[in-house]
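Hi everyone, thanks for coming. I'd like to walk you through a structure today, starting with one chain and then moving on to how the chains meet.

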There are 2 protein chains.
Amino acid sequence: MGRPPLSLTDCEVAIVGLGLMGGSLALALRGQCRTLVGVDKDPGVAQMALERGVVDQITVFEAAHNIDVLILAAPVRSIIGQVNHLASSAFYPPRATVVIDLGSTKAQVMQAMSELPPRFEPVGGHPMCGKSTSGLANATADLFRNKPFVLTPPGHTSVRALAIAYELVERVGGRLLVMSAEHHDQLAALISHLPYAAAVSLVRTVLAAEDDQAWEMASSGFRDSTRLAASDLDMMVDILATNRGPVLKALSSYREQLDVLDQAIQSGDVERIRQALTAAREKRAGLFTA
Amino acid sequence: MGRPPLSLTDCEVAIVGLGLMGGSLALALRGQCRTLVGVDKDPGVAQMALERGVVDQITVFEAAHNIDVLILAAPVRSIIGQVNHLASSAFYPPRATVVIDLGSTKAQVMQAMSELPPRFEPVGGHPMCGKSTSGLANATADLFRNKPFVLTPPGHTSVRALAIAYELVERVGGRLLVMSAEHHDQLAALISHLPYAAAVSLVRTVLAAEDDQAWEMASSGFRDSTRLAASDLDMMVDILATNRGPVLKALSSYREQLDVLDQAIQSGDVERIRQALTAAREKRAGLFTA
């Protein structure tokens with residue numbers, strides 16, 4: 001074993017989990033690292049990734065960490081299980097391995113990462129590019145392009161691990177954001193997990209009305225507002241279960257805001273209604289214009 | 001004056017309000033009626049509609065009801081004002097005029113319509129095809145195509161008015177739904193006004209957090225969930241002010257559903273969380289697939 005590689009192009013990279021995220025990352029990294037190794041708990045998915053040239057080789061998780069860069073791209077609770085497995089496997093050879101996870105919540109993952117022996121150099125990651133569709137079949141090389149890609153580096157990791165993680169974000173075309181795991185989880189609760197909870201609750205509200213004409217009448221507004229409700233269940237259950245505090249706080253703040261609107265509508269005062277809507281309208285109209 | 005025309009193709013049609021809805025309707029009806037007359041409170045908009053060939057002629061509201069079909073395409077409270085004006089103008093010649101409004105709420109409009117003298121034959125309408133953009137510049141002929149188009153015929157209108165309203169929906173490519181004004185308003189509260197209130201409250205929740213990194217991290221999920229918050233303010237204020245009862249009821253039901261999610265998350269019970277999400281995921285995944 002020589003000196004650990006300093007650039008992704010010289011690395012053997014393993015991606016664990018070849019769903020939408022892992023599969024898209026493999027496609028985005030094709031030709032940008034020495035070897036791309038794929039791992040999936042479903043042997044059929046791994047085989048399909050190999051046959052379609054998404055990865056150069058396939059292997060099993062137990063054999064996958066003896067490489068340069070290990071990318072964990074599963075639902076959060078699976079990632080935590082994988083990190084715990086690495087931490088408890090003291091007999092592994094002392095090869096330097098950068099571990100980057102793509103989990104949707106970060107505090108609990110980084111907590112697990114902090115138990116890794118020193119040969120593992122961890123960096124947390126979260127590309128903000130969900131789709132309602134999931135799985136390898138929907139993976140695309142441009143999934144990360146111009147999308148925010150958050151990194152949450154722990155205090156104890158190596159400069160090399162950071163450099164490789166930054167390079168990864170750049171190579172897949174992401175917009176790098178660096179913050180603490182706790183800060184990530186608070187913001188993700190506000191801009192991702194709360195909108196998901198809102199979408200699920202909108203669908204549940206219409207279901208509770210038990211009036212089939214509602215679905216016939218639903219159009220593009222309802223479609224867009226509720227798109228997140230169709231997100232992958234395994235992913236979302238793990239997110240809500242591992243980010244309880246920030247999500248509950250966001251829900252509580254959301255209900256306060258609903259109360260403001262509710263009271264304005266109850267008042268029947270047109271100017272008060274307008275006032276309750278104006279700041280949100282101005283802010284939202286100025287977003288996503290690029 | 002001969003017998004009133006039985007088909008739209010023989011009608012002189014006036015559209016009052018040449019914004020997104022009225023302008024799109026004019027574009028969709030081009031060549032499908034005898035004459036298309038445009039009215040807008042902004043003379044510049046009316047002039048632009050004439051110059052671009054969106055309408056054949058322009059006139060002012062006071063002169064616009066002496067035609068075969070009068071279409072009111074303004075925010076709801078303006079429509080109510082226009083209907084009241086027609087109702088109080090007893091001196092108008094007794095020409096038969098079908099009046100179709102495109103207002104986003106129907107009960108208060110139909111209440112105003114019920115005061116019209118018999119020469120006016122009213123039908124309520126609501127095409128479900130909002131966009132976040134508004135105004136004549138964003139109007140397109142295909143706005144109504146394959147979108148739900150609700151008609152709320154009052155008990156006292158003519159068969160001729162109904163036939164012309166049905167023909168209108170068909171000619172612009174809408175999917176016809178017929179229901180009472182009250183039923184429309186309940187369903188619209190659930191599938192349109194509540195999602196709007198949810199979107200506004202999502203943006204307000206992030207604004208209240210006062211953390212600019214939240215906006216940098218917001219991606220496609222937040223974009224779609226909050227698209228409605230950028231809707232035209234005049235339109236939305238009128239909707240919330242004229243549909244208070246159904247909107248407040250929908251908000252109350254929505255908060256009950258948020259509570260179910262909140263309690264599931266608080267419990268930390270992964271199976272309970274999954275259960276709270278499953279029905280909405282299945283319902284939403286099966287919608288809008290065509």
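Let's begin with chain A: of its 290 residues, 55% count as buried. Please keep in mind that what you see is a predicted model.

Chain A has 12 helices and 8 strands. Taken along the principal axes, its C-alpha atoms fill a box of roughly 75 × 40 × 35 Å. If you look at contacts in chain A between residues at least 6 apart in sequence, 71% of them join residues at least 24 apart.

Now, how is the chain divided?

Let's bring in the second chain. Here 79 residues of chain B are in contact with 79 residues of chain A. Several elements of chain B supply at least two residues each to this side: strand E7 (148-152), helix H7 (181-209), helix H8 (213-217), helix H9 (220-225), helix H10 (233-242), helix H11 (244-267) and helix H12 (270-285). Which of them gives the largest share? That is H7(B), with 19 residues. By class, the side of chain B that touches chain A has 50 nonpolar, 15 polar and 14 charged residues. So for those of you who like to think in side chains, that is the breakdown for the contact between chains.

Last topic: symmetry. Chain B is superposed on chain A by a rotation of 180 degrees with 0.0 Å of shift along its axis, and the RMSD is 0.0 Å. The two copies are therefore related as by a two-fold rotation axis. Which residue of chain B comes closest to the rotation axis? It is B:Ser225, whose C-alpha is at 2.1 Å from the axis. The same surface serves both copies, as 100% of the contact residues of chain B recur in chain A.

That's my tour, and I'm happy to take questions.

How values were computed: Residues numbered from 1 in each chain as written. Chains lettered and ligands numbered in written order. Predicted model: local features only at pLDDT ≥ 70, side-chain atom pairs only at ≥ 80, totals over all residues. Contact = placed C-beta atoms within 7 Å. Helix = DSSP H or I, 4+ residues; strand = E, 2+ residues; numbered from the N terminus. Buried ≥ 20, exposed ≤ 12 C-beta atoms within 10 Å, placed from the backbone. Least-squares fit on C-alpha atoms with pLDDT ≥ 70 in both.
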